[in-house]
Amino acid sequence: MAVPAGFEMRMSMINRRGVSRWKHLAFVAGGITLAAAAGCESLSYEGEVGGVPDERVITRFCLDDGDLEQLRADAGLSNEQIMELSGPVVAKTLRDLREPKATNAGDAIAWRHLRRVDENGEIPDGALLRAKAQRDLMVSSLRGAEGLAWEWLGPGNIGGRTRSIVISHENPQVMYAGGVAGGVWKSTNGGAYWQALNDFLPSIAIGCMVMDPTDADRIYLGTGEGIFGATSPRGAGIFVTENGGASFEQLPSTANSFFHFVNRIAISPDDPDVILVGTNTGLYRSDDRGATFTVVLVFNRALDVDFDPTDGQKAIVERDNGVVYSTDGGITWSGATGFPSGAGRIEVAYAPSNPSIVYAGAANYGLYRSVDGGQSFALVSDVSFYGQSNGGGGQGWYDNALWVDPTNPDVVVVGGIDLWRSTSGGVDFTRISQWQFAPSSAHADQHLIIEHPDFDGVTNTTVYFGNDGGVYCTDDIYSVLSLSGWQELNNNYGVTQFYTGGGNRSGKVLGGTQDNGTLIYQGDTETWTAMIGGDGSAVGADNVHLDTFYAATQWGYLFRSLAGGSFPQFIWEGIEDLAQPYNPAQSNFITPYILDPNQNTRLLWGGARLWRTENARAGEVQWSEIKPGAGVNNFISAIAVAPGDSDEIWIGHNNGAVYRTETGTSVSPVWALVDGNLPNRVITSIAIDPDDHDRVYVTMGGFTQQNVWRTTNGGVTWSAIHGSGLGALPSLPVNSIVIDELNEDTLYIGTELGVFSSDNDGLSWTTSNIGPANTIVDQLFWWRDQDNARWLVAATHGRGMYRAATGAPCRADLNSDGQVGSADLSILIGSWGSTNLIYDITGDGEIGSSDLAALIGTWGPCP
């Protein structure tokens with residue numbers, strides 16, 4: 001059985017205890033879900049005198065001694081605290097404790113980098129800026145996509161990776177937050193509601209922000225996320241606003257490759273003209289507010305830069321597993337002592353009330369302390385802040401945050417996956433958050449900690465946190481603990497990073513996200529829920545059994561829910577390309593799989609090889625290999641099945657290879673290589689014309705031209721459909737393509753800079769400043785809702801999901817294939833006499849003769 005690391009404990013528990021003991025629990029990778037079964041949570045709890053006995057807890061939640069022991073030992077919960085929780089929270093906590101949080105941030109970026117490079121593995125210097133300029137020229141001759149009225153679906157309650165927050169020192173109700181792929185957002189009511197400021201910066205990958213201490217309307221934005229090194233998402237230098245975000249201008253001095261990754265900006269407390277900037281090429285200094293910069297240190301990268309908050313002559317910078325300090329305003333630098341070789345990423349922080357004390361969090365060792373202003377350091381705590389108490393590798397290279405109380409130099413908070421507080425100068429620590437409880441506790445992966453401008457340690461003790469879940473806060477940093485004192489502030493803060501999406505006529509849409517699992521939309525932007533955790537991979541929504549959904553974690557560990565997204569079960573057993581102990585996964589990080597559009601029980605899963613199951617809804621799902629591998633690490637990157645013909649399957653690979661079979665349902669399909677004259681770039685998506693299966697479109701990655709291709713002869717030859725003149729596509733990666741089922745000459749593509757469309761089969765293209773706009777669109781898909789209205793949905797990597805209406809409701813199209821026909825008739829007859837309102841065409845409350853008449857009356861293609 002192929003199971004990922006971390007699942008062994010759970011499987012052994014099942015074998016030891018017997019499945020019957022667990023009849024109230026649904027076991028899932030990334031989660032155990034507590035069912036609402038008789039005997040579980042049947043007793044109310046209003047507190048008990050003298051403490052709660054173990055038997056009381058076990059009975060209420062259908063646990064055993066091992067579960068209770070783990071909740072107390074690993075989660076630090078008392079019986080009384082457990083009894084205050086709901087059943088689903090208890091189940092989720094057990095799940096997360098048994099399966100330590102994955103540390104796959106680098107793998108996610110490597111997968112995205114694969115889709116951005118050309119066939120030579122390169123991204124040309126300035127490629128994003130040139131693509132943005134070309135897009136701006138195109139907007140002047142809008143057609144196609146501008147005709148779509150885009151509506152944001154959210155999520156507004158689940159954020160995304162946030163590395164920057166600044167708060168106005170003139171009016172603390174005014175806050176700014178930056179998503180690493182979602183741009184700058186502003187709140188004027190202390191985080192109760194957020195609004196995006198600008199969709200059209202050349203880069204909306206916000207890596208850092210800083211506010212001028214003398215002018216709260218002047219804010220600098222650093223773009224690019226250099227934490228990942230060469231594969232990091234590139235930015236476009238530094239931008240500045242002089243009017244509180246109403247407009248931004250790029251600093252011309254940073255419009256070059258030296259500022260592709262701006263990691264940290266610091267402003268002198270003595271002179272706002274003096275700025276220090278840490279990038280992936282070194283440290284830069286300006287004494288004219290960024291009009292010009294001088295390189296003062298050249299090294300691999302600077303991830304943290306700080307001025308002494310009381311003396312602009314003193315500063316400290318993290319560099320190459322160590323720290324350097326300056327005593328002349330950042331002009332010259334010396335190396336600090338005390339750090340061992342291989343310290344890893346280091347985050348530094350001055351103690352504002354006593355700046356001679358400086359703390360440094362070293363990813364590979366622990367917390368260090370200096371008493372001479374950062375010139376020498378000594379280890380004070382070797383607590384593994386950047387791993388987990390229950391296992392899991394350290395990832396301080398990715399999430400490393402540090403904060404010192406402005407009023408007390410002995411109060412320190414360190415952030416890794418979770419948050420830890422010391423009141424003893426770093427000698428002793430208390431864990432104050434546990435990601436398993438989010439949003440009741442802080443989300444995982446801490447990137448930034450900042451206090452309220454009026455923080456005084458007595459009447460104001462509010463502190464804010466930026467993490468992979470967006471923006472969180474506590475009103476009392478001194479008393480907050482894992483189960484109390486936390487508040488998420490993702491109120492319309494729409495920076496969720498989706499990889500994928502899908503939906504059906506249940507009215508639900510689901511999508512896989514970066515580090516926020518697979519999420520489900522049910523009609524409200526503020527009430528998205530999670531189906532499974534981890535990094536969400538591809539999704540599937542059954543158009544016949546509308547409560548059946550499929551989701552996967554990173555590397556393609558596949559789950560199925562037969563209950564509308566609840567109680568997911570793992571169904572990956574038998575897929576041999578999944579990671580084994582001590583062996584890497586043989587698939588892309590975001591692994592493609594699809595539901596056959598013609599057969600709702602057939603799934604195709606792509607790793608090194610193509611795998612198929614014919615019984616996706618069975619109690620025991622069986623998998624078989626139907627296509628061999630195509631070379632080392634040349635994994636399957638896209639899969640498509642022809643509408644109306646399940647024998648017609650097309651497959652794309654990382655190296656640009658495309659294969660086709662016309663015997664796809666046979667035991668051993670025959671495959672033909674049909675990539676002809678295609679470039680050797682990753683295939684990102686495939687679309688097959690529903691009326692002509694020899695007419696196929698593929699899209700490709702790379703900041704280069706010719707990333708959309710068409711064949712009209714089954715892959716014998718291919719033509720690039722890039723457009724020309726103002727109607728030419730910018731040279732940028734194209735991530736997804738869909739064909740309009742009502743007009744085969746109309747195409748939509750999702751790119752690194754929003755949605756483009758063509759109404760003449762790719763002869764020319766257009767875009768607009770509406771909807772996803774200047775945002776990475778990872779997937780486009782068609783969705784018919786519960787009223788059978790037709791929507792084009794864009795899953796963006798940094799701005800959540802959007803939908804646009806593209807057709808009137810077609811109520812009799814019960815299987816959502818774009819036409820009313822025999823398949824819909826079969827569904828109607830099968831539901832005859834029931835009160836399933838999904839199939840109630842006429843809306844009279846039952847399935848009967850009036851629905852049959854309506855179906856026959858609309859026979860044929862939907863409007």
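## The main core

The largest nonpolar core has 29 residues. Those with the most contacts inside it are Y550, L558, Y593, L603, W605 and W623. A nonpolar core here is a set of buried Ala, Val, Leu, Ile, Met, Phe, Trp, Tyr and Cys residues joined through side-chain atoms within 4.5 Å. Buried means under 20% relative accessible area, exposed over 50%, and partly exposed in between (1.4 Å probe, protein chains only). This is a predicted model: local features need pLDDT of at least 70, side-chain atom pairs count only at pLDDT 80 or more, and totals for chains, interfaces and linings use all residues. Residues are numbered from 1 along each chain as its sequence is written, and side-chain values use heavy atoms, with hydrogens and water left out.

A second, separate core has 16 residues, including I432, I449, F455 and Y472.

## A buried loop residue

N460 sits in the loop between β28 (446-451) and β29 (463-467). Is N460 buried or exposed? N460 counts as buried because its relative accessibility is 13%. N460 touches H452, D454 and F455, leaving out residues up to four places away in sequence. D475 is 15 residues from N460 along the chain, and their C-alpha atoms are 7.7 Å apart.

## Helix α2

Helix α2 covers residues 54-61. Its buried residues are R56, V57, I58, R60 and F61. C62 follows α2 and has a positive phi, near 55°.

## Salt bridges

A salt bridge is a side-chain nitrogen of Lys or Arg within 4 Å of a carboxyl oxygen of Asp or Glu. By this rule there are 30 salt bridges. One of them joins R116 to E752, with the closest N and O atoms 3.0 Å apart. R116 lies in helix α6 (residues 105-116) and E752 in the loop between β53 (747-751) and β54 (754-758), so the pair ties together parts 636 residues apart in sequence. R116 is buried, with a relative accessible area of 9%. E752 is buried too, at 6%.

Another bridge pairs D273 with R289, at 2.8 Å between the closest N and O atoms. D273 is in the loop between β12 (262-267) and β13 (275-279), and R289 is in the loop between β14 (282-286) and β15 (294-298), so parts 16 residues apart in sequence are tied together. D273 is partly exposed, with a relative accessible area of 28%. R289 is partly exposed as well, at 26%.

D694 and R660 also meet in a salt bridge (2.8 Å, N to O). D694 lies in the loop between β48 (683-688) and β49 (696-700), while R660 is in strand β46 (residues 658-661), 34 residues apart. D694 is partly exposed at 31% relative accessible area, whereas R660 counts as buried at 12%. Salt bridges that share partners join R112, R116, E752 and D778 into one network.

How values were computed: Helices (H or I, at least four residues) and strands (E, at least two) are DSSP runs, numbered from the N terminus. Contact means heavy atoms within 4.5 Å.
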